[in-house]
Amino acid sequence: MNVAVRSHATTKQASEHFDVLIVGAGISGIGSAYHIEKQLPGTSYVILETQATFGGTWSTHRYPGIRSDSDLHTFGYSFKPWVGPPIATAEEILTYMNEVIEDNDIAPHIRYKHQINSASWSSEQNLWTIEATTTDTGEAKTFTANFLWMCQGYYRHSEGYTPEWKGMDRFKGRIVHPQSWPDDIDLANKKVVVIGSGATAATLVPNIADACAHVTMLQRSPTYFRLGRNAIEIAEELRRLQVDEEWIHEIVRRKILFEQDAFTKLCIAKPEQVKKDLIDQIRAVLGPDYDVETHFTPTYRPWRQRIAFVPDADLFKGIASGKASVVTDEIECFVENGIQLKSGKLLEADVVVTATGFNLAALGDIAFEIDGKPLAFGDTVTYRGMMFTGVPNMVWVFGYFRASWTLRVDVVADFVCRLLGHMKAKGTKKVEVRLRAEDHNMPILPWIDPENFNPGYIMRNMDLLPKRGDKPEWQHSQDYWTEKDEIPKTDLDDGAFVYG
């Protein structure tokens, strides 16, 4: 690894310098490192990771049954075939990521247990200075880098979002968040209530139904789910024909992406038809006497929030068997032996699981400064959801809501590698994006249109996120099928890019 050690003017300790510093060794950071290895050989880089191992979400979340809610043929990387079931467990995903790390000699570049405290840009030096602390020893570490690649995700790993309800302190049982699942919890013969109706709740409920006396999914309002086999027929057929796995990977990815595009467009063009089709799938499992209208008929159109895939209908089979149930109501307060609902009903519980979402952490809770001034990320305007006005030499990976997160890891990585190559060819050390003269009368809008997509973790913290414009290049469109063609064609000498 090509690492130069230099002393830094603001600290007595030596700092290490790298061409590129990647924040996070999750699915985004490992994928980005692969692209550096393959597209920019000789580039020195380091990955700083707070946790003791790689994997991000897939290592920090340890609740029963944790699995992907995207198919691994598209959530997997473009460069490495996925050969298992499309919906994969955390363990399977970590094994896959470990193979990428080992096959591409990425491990020597990762520094685990390094929590980043601050990142400061100096225009005088054209450098980022990153101050970190090792979580096991408390030792201060300083790094400098020409380019900062933010791959830390979008939520706080240390704690999930739990609303404050009246009477929580009176509850005699145990309250846990899936993001901080305790090793010592015993659900045997317990009455469990899982608060929430998203992918986490839909995963947890069937996976603990056999272990506890009964599990109830308590939701304020219904959400959409898609049901299907945890298998891809064309992949099975191609394997039976002994087709090379790389071919299968490409064919299956293209098929899934084609179908996802068609489904997304149908949700917009014919929302009532899609709504009926999704709900009819559930009704077919639960039977004609189940109150699907109350518990599984959302009030919003499909795809305004993420639609979780339920493999082999396991959630609904659990409900049909009587081991699990669903209550649609609002919480009045906690009481000693459970939850008092606004309808007047008492929901008895020994354990309450708050599958209530994330706490947004747009920049990984890192204190950013640009030339000595604190960075107010919410005051910037985004360039395609990757770069931000007034923030030099930095790119952020923020994935897709309606397609697999990792698809954008590959798209952004190709862009970054091309940008760094372009800077080298121009002999410049700095690049930032600025609104052009023709952009100054452009409406400046929130990060995402709530009418288009409105998950709770975004709505609660929209002020922390950058703004967008009403032109394609000044927003994260969430449209992979357009971006995969447009971003590779980006003119890096367009007036939006300012070099120095």
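Predicted model: local features only at pLDDT ≥ 70, side-chain atom pairs only at ≥ 80, totals over all residues.
Q: How is the packing of two helices described?
A: It is described by the angle between their axes and the distance between the axes. Axes are lines fitted to C-alpha atoms, for helices over the stretch in contact, and angles run from 0 to 180 degrees between N-to-C directions. Helices (H or I, at least four residues) and strands (E, at least two) are DSSP runs, numbered from the N terminus.

Q: At what angle do α1 and α11 cross?
A: The axes of α1 (residues 27-39) and α11 (residues 405-426) cross at roughly 35° and come within 9 Å. The crossing of α1 past α11 is right-handed; that term applies if the near helix is turned clockwise from the far one by less than a right angle, and left-handed if anticlockwise.

Q: Which residues meet there?
A: Among them, α1 contributes Ile 27, Gly 31 and His 35, while α11 contributes Trp 405, Val 409 and Cys 417. Contact means heavy atoms within 4.5 Å. The residues of this contact of α1 with α11 divide into six nonpolar, six polar and two charged. Ala, Val, Leu, Ile, Met, Phe, Trp, Tyr, Cys and Pro count as nonpolar, Asp, Glu, Lys and Arg as charged, and the others, Gly among them, as polar.

Q: And how do α7 and α8 pack?
A: Helix α8 (residues 271-286) packs against α7 at an angle of about 115°, with the axes 5 Å apart. Phe 263 and Leu 266 are among the α7 residues that meet α8, where Pro 271 and Leu 278 are among the partners. By class, the contact of α7 with α8 has eight nonpolar residues, one polar and no charged ones.

Q: Changing topic, how many aromatic pairs are there?
A: A search of the whole structure finds 32. Rings of Phe, Tyr and Trp (its six-membered ring) pair if their centres lie within 6.5 Å; planes under 30 degrees apart count as stacked, over 60 as edge-to-face and the rest as tilted. One of the pairs is Tyr 154 with Phe 398, which is tilted, at 5.8 Å centre to centre and 50° between the planes. This pair links distant parts of the chain, 244 residues apart.

Q: Why does Phe 398 count as buried?
A: Phe 398 counts as buried because its relative accessibility is 0%. Buried means under 20% relative accessible area, exposed over 50%, and partly exposed in between (1.4 Å probe, protein chains only). Tyr 154, at 14%, also counts as buried.

Q: What about Phe 377 and Phe 388?
A: Phe 377 and Phe 388 form an edge-to-face pair, 4.6 Å centre to centre with 65° between the planes. Both residues are buried. Ring pairs link these two into a cluster that includes Tyr 154, Phe 398 and Trp 447.

Q: Which charged residue lies over Phe 263?
A: Arg 226 lies over its face, at 3.9 Å from the ring centre. A charge sits over a ring if NZ of Lys or CZ of Arg is within 6 Å of the ring centre and within 35 degrees of the ring normal.

Q: Is Thr 264 buried or exposed?
A: Thr 264 is buried, with a relative accessible area of 11%. This residue lies in α7 (residues 245-269). Not counting residues up to four places away in sequence, Thr 264 touches Trp 303, Arg 402 and Trp 481.

Q: Where is Asp 365, and what is its phi?
A: Asp 365 is in the loop between β17 and β18, and its phi is near 55°, a positive value in a residue other than glycine. Most residues other than glycine have a negative phi. Asp 365 is partly exposed, with a relative accessible area of 48%.

Methods
Residues numbered from 1 in each chain as written. Heavy atoms only, no water.
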